[in-house]
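Please open the structure in your viewer and keep the selection tool at hand, as this tour moves from one selection to the next.

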Amino acid sequence: MNYKNYNIKKFQYNSKNIAILKRIFKKMVYIRFFELNAYESRKEDKFKTLIYLCLGQESIYASVSEALKNVSIFGQHRGHGIYLSYGGDPRKLVDELIGLQTGTNKGMGGSPPIFDKKIGMFGHVGLIGDQVPVAAGYSLIKKNKTVVCFLGDGAAEEDYVLATFGFVKQYNLNIIFICDDNDLSVLTKTKDRRKWKLNEIVKSFGLKAMDITDDPLTIYYSIKSIKNKLPSLINIRTCREYWHEGAGKDKEGKSFWNRYQIVRKKLIDLKEQNFVLQNEKIYKNKMKKLWKKQLLKL
Amino acid sequence: MEKTVAETIRYLSKKLLDNDKGIIIGQCLSAVGWVQNTVPAQKKGIIELPMTDVAGAGFAVGASLANIRPIFILRFQSFLWLNASPLINHAAKSKEMFGYGAPVFIRAIASEGPSSGPIHTNCYHSPFAHMPGLPICAPMTPGEYKEIWKNYLKKDLPMLVSEHRRSYKEKLEFQDKIFPKAKLSLFLISASRFEGDKILKLLRSNGIYVDVFHILWLKPFKFKKSYMKSLLKTKIGLVVDSTYEICGVSEHIAFKLMHSVKGSKVYNLGMKDKSPGCSPNLLNGTPDAFEIIKKIKTLIK
Ligand SMILES: Cc1ncc(C[n+]2csc(CCOP(=O)(O)OP(=O)(O)O)c2C)c(N)n1
Ligand SMILES: [Mg+2]
């Protein structure tokens, strides 16, 4: 099945929604060009740390960060998009990925542990789903802060993740889970791992849950509609465009879609071509320069 | 043609599956290169797990109670931590508590280097050695793999096999090396064993000789007469392992050796007591030939 339009919402493209879409797209461009540079430099073997690119999934982080502000954030190993769209310092991220002392974690772990206390983001240790009970424990004490916890469709299967859904409902915690559902755990498809759907399981634990595609406005308004009904979870269908880890491109099968290109085209259809091209040009240059400058430190 | 370690594992596993004597159970087995080509590329007998790193081991242990031989694969040894309880508290204790065995064959795979990082780097056999009922070995050659497999099939006990990715492409067998003029007895475990020849060569160019022993069984540790003889001669020993230096198997074996030969001093070497990082200056892995030689030189001074 192709989930490109799965539970997509139809919106009027009035000035308000166009403005929201533009803000989200701008972040998508930022993430995309950051990641494309990471991909190129890694492909050229300029560094060898663990890297998990989020190309193809940019709309999730761009949209969530627009809809949910002033939150505490727990991410998983594929967290560049979260870090960047919430305002983390891109230089420190490059430095971490290329293994420098000046990186977010002093060169400790490549992508997984990146964090920035200033933006409220905690680090990930590298064991999938580990962040989920930890985010719940944090939320148990920090009741006044909304916690957003990202996880993958693979991590959703971890025993301790499933147990967490029961716990957050028991204590009615102020936490929202965002599942980046790229239908892959490394290269194993969901159908080879389980028969259940995350949003249904979570509902039976008593949480509010939704299952949608990665269309920006659909994500944005789904969050707006659910954010006062926590704890809840949104499962977002998306497509990983590049390899699980390292620099390589995945095969694009029948079920693949490229959300970046879809949003880009939509904006052009909405007569926002100048905005699109201008931002692409700006971020293309900015990110290229940034990577080049940081790589000189190696 | 000689088989590599990976081919040997695949061959032994395939025989088990094809004879309906067992299963292979683990995460991401088929889609991800068949676990470095150590798993036969077939449907029969292969059980894909969801990403459940606590219950996963329980499924494997349960299968072992049903008169089959499950091979439970952990693609990184770090997953041992999450999967520990069913292995340590059920499989390992089953024989003593219930009188029947739970013969699960646990393949825990170590890797190291810049893309392994703080969690997934190297081996975690040491904490498991602390607990009763679980034999532990670290085969690095095709012949050793066959030996431990035979041993496993003979008994109805679980076994923790501490594998290392560095061994998979190897075809060579190791032999202990003994020299009349040796000044130190060197005991190598896991990936440190691949440094043995280089150590000998480099030391020899300085006119220094050491005896080199390859350790396969970590628990129970099998004393050989040659170890005693060597230590009686050198009086100094060093045990090296691909895991943390303190509070682990290498320290334990060093202690045992030291007590078995009066007047000998046996030391140990391994990863430093800090989390390994990806960045070159934070790497913390198996001591290489140079580190081992440096230690040897301080000991024989
Ligand atoms: C506890 C644990 N089990 C297994 C792994 C190996 N592993 C690393 S990434 C990954 C895929 C996880 O899939 P998902 O949560 O969907 O995240 P994605 O990579 O798709 O973003 C797996 C299985 C791990 N790191 N930690
Ligand atoms: Mg996934």
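The stops below go from the ligand to the cysteines. This is a predicted model, in which local features need pLDDT of at least 70 and side-chain atom pairs count only at pLDDT 80 or more, while totals for chains, interfaces and linings use all residues. Residues are numbered from 1 along each chain as its sequence is written, chains are lettered from A and ligands numbered from 1 in the order in which they are written, and side-chain values use heavy atoms, with hydrogens and water left out.

Select ligand 1 first, which lies between chains A and B, and then show the 23 residues around it (those with a heavy atom within 4 Å). Those that come nearest are His77(A), Arg78(A), Gly154(A), Ala155(A) and Asp53(B), and the shell divides into 9 nonpolar residues (Ala, Val, Leu, Ile, Met, Phe, Trp, Tyr, Cys and Pro), 4 charged ones (Asp, Glu, Lys and Arg) and 10 polar ones (the others, Gly among them).

Next, pick Gly154(A), where a backbone N or O atom lies 2.8 Å from an oxygen atom of ligand 1, and Ala155(A), where a backbone N or O atom lies 2.9 Å from an oxygen atom of the ligand. On the chain B side, a polar side-chain atom of Asp53(B) lies 2.7 Å from a nitrogen atom of ligand 1.

Finally, select the cysteines: over all chains the structure holds 0 disulfides (pairs of cysteine sulfur atoms within 2.5 Å). Cys123(B) is in no disulfide, and the nearest cysteine sulfur, that of Cys137(B), is 12 Å away.

Conventions. A polar contact is a pair of N or O atoms within 3.5 Å; within protein, one must be able to donate a hydrogen and the other to accept it, and residues adjacent in sequence count only if both atoms are side-chain atoms.
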